[in-house]
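Subject: Structure for you to look at

Hello,

Here is the structure I promised to pass on. My notes on it follow below.

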Protein chains: 2
Amino acid sequence: MFEIDIYRNRRKALKNKKLKGIALLPGNVESPMNCLDNTYHFRQDSTFLYFFGLDFPGLTGIIDFDNGKEYLFGNDVEIEDIIWMGPQVSLNENGQKVGIENTAPLSKLYDFINQAIKQGRKIHYTPPYRGENKLFLEKLLGISAIRIDEYASVELIKAIVDLRSIKEQVEIDEIEKACLTGYEMHVTAMKMAQPGIWEQKITGIIEGIANSGGGMVSFPVILTQNGETLHNHSHNNYLEEGKLMLTDAGAESSLHYASDFTRTVPVGGKFTQKQREIYEIVLAANNKARELTKPGVTYLSVHLAVAEVIASGLKELGLMKGDIKEAVKNGAHAIFFPHGLGHMMGLDVHDMEDLGQIYVGYDDETRPVDQFGTGYLRLGRKLQSGFVITNEPGIYFIPALIDKWQKEKINADFINFEKANEYRDFGGIRLEDDLLVTKEGSRILGKRVPIEPDEIESIVS
Amino acid sequence: MFEIDIYRNRRKALKNKKLKGIALLPGNVESPMNCLDNTYHFRQDSTFLYFFGLDFPGLTGIIDFDNGKEYLFGNDVEIEDIIWMGPQVSLNENGQKVGIENTAPLSKLYDFINQAIKQGRKIHYTPPYRGENKLFLEKLLGISAIRIDEYASVELIKAIVDLRSIKEQVEIDEIEKACLTGYEMHVTAMKMAQPGIWEQKITGIIEGIANSGGGMVSFPVILTQNGETLHNHSHNNYLEEGKLMLTDAGAESSLHYASDFTRTVPVGGKFTQKQREIYEIVLAANNKARELTKPGVTYLSVHLAVAEVIASGLKELGLMKGDIKEAVKNGAHAIFFPHGLGHMMGLDVHDMEDLGQIYVGYDDETRPVDQFGTGYLRLGRKLQSGFVITNEPGIYFIPALIDKWQKEKINADFINFEKANEYRDFGGIRLEDDLLVTKEGSRILGKRVPIEPDEIESIVS
């Protein structure tokens, strides 16, 4: 467990942001699967975890910016429930653990908020992403759940993003733990990548490894021989010789920090020449991104440099043509690399995505680009020491996209469609590491999951 | 996949229930973990699955009782999304698969419902258990999400419970598949029950087995050396020699039918004499329940007969005393057996719990008993051929409960508190099978998970 001071200091840092009024920070409640009492694994809200650290349902934290006071609201377990749930730590004791002196039952929160409303004080909250918390805020604030997002506090969001973007050493340590579990998941998947195996079989096993580590998966596992489908959550194929298995998977540490890795391996253990050629380009792109990653550069510029590496490599193979800088300027690479280079990572795999990507990934200086491909880049802004980010270039052959661009003659000066059509059955390759931006540059978090093609072949075989 | 007729027939059977108006049957949407786009494994609503069979988010089914028409509302994937999600089957094609001719975009559902409201037609729905569906119904019906449950249709609930209570052969086949996975989960857990192993480690591995089977866990795994805590979802202990590991776990088949088994094994593989004595009583109780289970008897009567087996066994060990029938009448057994004998099982592990336990487990003839212990019995009513139920007696030594009863002299004529206190560190034993009520009696579903104490010892060791 973290020490009490960590949470105190974070709340203090938030108070130093000079907001007026109060921050209303609800934790999550249980998330029902198929009835109210049959629930998914409990996942606490990340912002609540960051400031209050307590990992169980039904709590709300309050930070009063005007007088500096902090409160924790929640209900103690009743005597009858002890039979079902075992002896429980009281709310007050839990509050002590994270440095909160003022604790009270949830019913008192309604009084507290009512009084604040009557006094005309500003109540800051972040946009709720679960129906249950939308309804909770409706009950508390009298704002319709359907429109509750519109009244979320941009001031609070920006203050939180400021703090959570720079990872503390204790946070980096936790991410490293999540990386260890992620490593085990990926190496296990590689060993299982044999023809005839059901994708779901491998998926389940590596989800089990994540759960065994004390956390859970940091996002639903992507594991598919159709890697060209970027967000493929179907695992219904039986692996075939000659295909590539793409695995995008990570774990949470027990404190809910994420890891997020992608590897692509040849089913059965031997790359074809075509596969190895594309693989080497993606690997070069990944390495290039790491080399360029350092404080002061924008991740948008790294993304575009990587797009050039990819476009150059594809030009050598005859898949692209023309001037590479022009091609990238026109977004021609995006037919093969249609997504962004990476995103922030921390307590969430897409860190703080609930707060709004525009606040997390961009700033006044670096604005999102409205172009297919680069438009999907989640993180564009200037990097700072302490950021944790993913580095995940990829090359894909998406028949629907090839057909569309060919038909509409999009970037026809830069794409060799005839050649591209020879790769329709290729699938896709993505290689993803997690990086810490350091003072001088960047370093890979965790032990790097095997990535050299020869090493991959020796593990799969 | 089931054949088209299965779903048609079920909808037809619902229409034969002679309700007026329309049934509004929303499926589930994705369930956010820590932001809108990072979601748990999708779990479709069970009633939607029962009538419409389609296992993806964002669908709503309508059954018009007045003219017999059936509709499916949902949105087709847009071209842009194909890049991310791969080629998708259209809503219309999906509708065809389950015998629905009329499909339309979700926006048309609003028009449809508005018209029905204007015409003053009755709109039946079941109580939503997720915040998202509460808000969806608010938007559709104009009824506040916070009070939406109050307007749920008891008529519709009763009609659905009537149908879903009697399992079809295809449903029994699916439950058998879920049982096979459950078997593998339990035997794996048994083999791992060695001193020094972290409970979470075993939990994760068996969750992985459930996921590998194509479904997922049917409920959060209970796996603990503190089995006296009935709903213990903490897995933070390292197993100790001399303790019992209680595992209550099951899987879903790929069509989301459940299994639910409990076994209790000695850590390291050797029961102590005390453990074996209690174990034999629970095993006798389990076997007695199965023998008594047949159409026409109430499960309440089976529960009470099992309570007598338990009380008699405990009397022989000196833990209870006095007249056994009187003891059970007074609920004295409930200090050691404080829960119900079992529940319905099907598409939900606690089948149809979202519809209301009173409708699922009781009827006009058999009403719930207001007594500690028996009051927790989820299923009391007369059994019918085709019911699938769990049989899960247990004996626990719950220090908080022993202290409370001793202090308040509850059932002091029947409990030997001095002796009970010798068992304070014992934990608990529960043994659970899944039963199909047949024409003549009952049979265990799936291959019975090892239960004889000698067999258990040989597997663990």
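**The interface of chains A and B**

In this model, 67 residues of chain A are in contact with 66 residues of chain B (contact means heavy atoms within 4.5 Å). The model is predicted: local features need pLDDT of at least 70, side-chain atom pairs count only at pLDDT 80 or more, and totals for chains, interfaces and linings use all residues. Residues are numbered from 1 along each chain as its sequence is written, chains are lettered from A and ligands numbered from 1 in the order written, and side-chain values use heavy atoms, with hydrogens and water left out.

About 5200 Å² is buried between chain A and chain B. Carbon and sulfur atoms give 60% of that area. Buried area is the accessible area (1.4 Å probe) that two parts lose on being put together, summed over both.

How many salt bridges are there between chain A and chain B? The count is zero (the rule asks for a side-chain nitrogen of Lys or Arg within 4 Å of a carboxyl oxygen of Asp or Glu). Polar contacts do occur: 27 residue pairs across the interface, both residues at pLDDT 80 or more. Such a contact is a pair of N or O atoms within 3.5 Å; within protein, one must be able to donate a hydrogen and the other to accept it, and residues adjacent in sequence count only if both atoms are side-chain atoms.

On the side of chain A that touches chain B, the elements that each supply at least two residues include β2 (32-35), α6 (131-141) and α9 (199-212) of chain A. Helices (H or I, at least four residues) and strands (E, at least two) are DSSP runs, numbered from the N terminus. The largest share, eight residues, comes from α9(A).

**A sheet in chain A**

Five strands of chain A form an open sheet in the order β6-β5-β4-β1-β7, with mixed pairing. Two strands pair if DSSP finds at least two bridges between them. β6 (102-104) and β7 (123-124) of chain A are the edges; each has a single partner strand, so one side of each lacks a neighbour in the sheet. β1(A) (residues 22-26) and β7(A) run parallel, joined by two bridges. A:Ile22 has A:Ile123 in β7(A) as its bridge partner.

**A sheet in chain B**

Here three strands form an open antiparallel sheet, in the order β11-β14-β15 (chain B). Its edge strands are β11 (388-391) and β15 (442-444) of chain B. Three bridges join β14(B) (residues 433-437) to β15(B). B:Val437 stands opposite B:Ser442 in β15(B).

Best wishes
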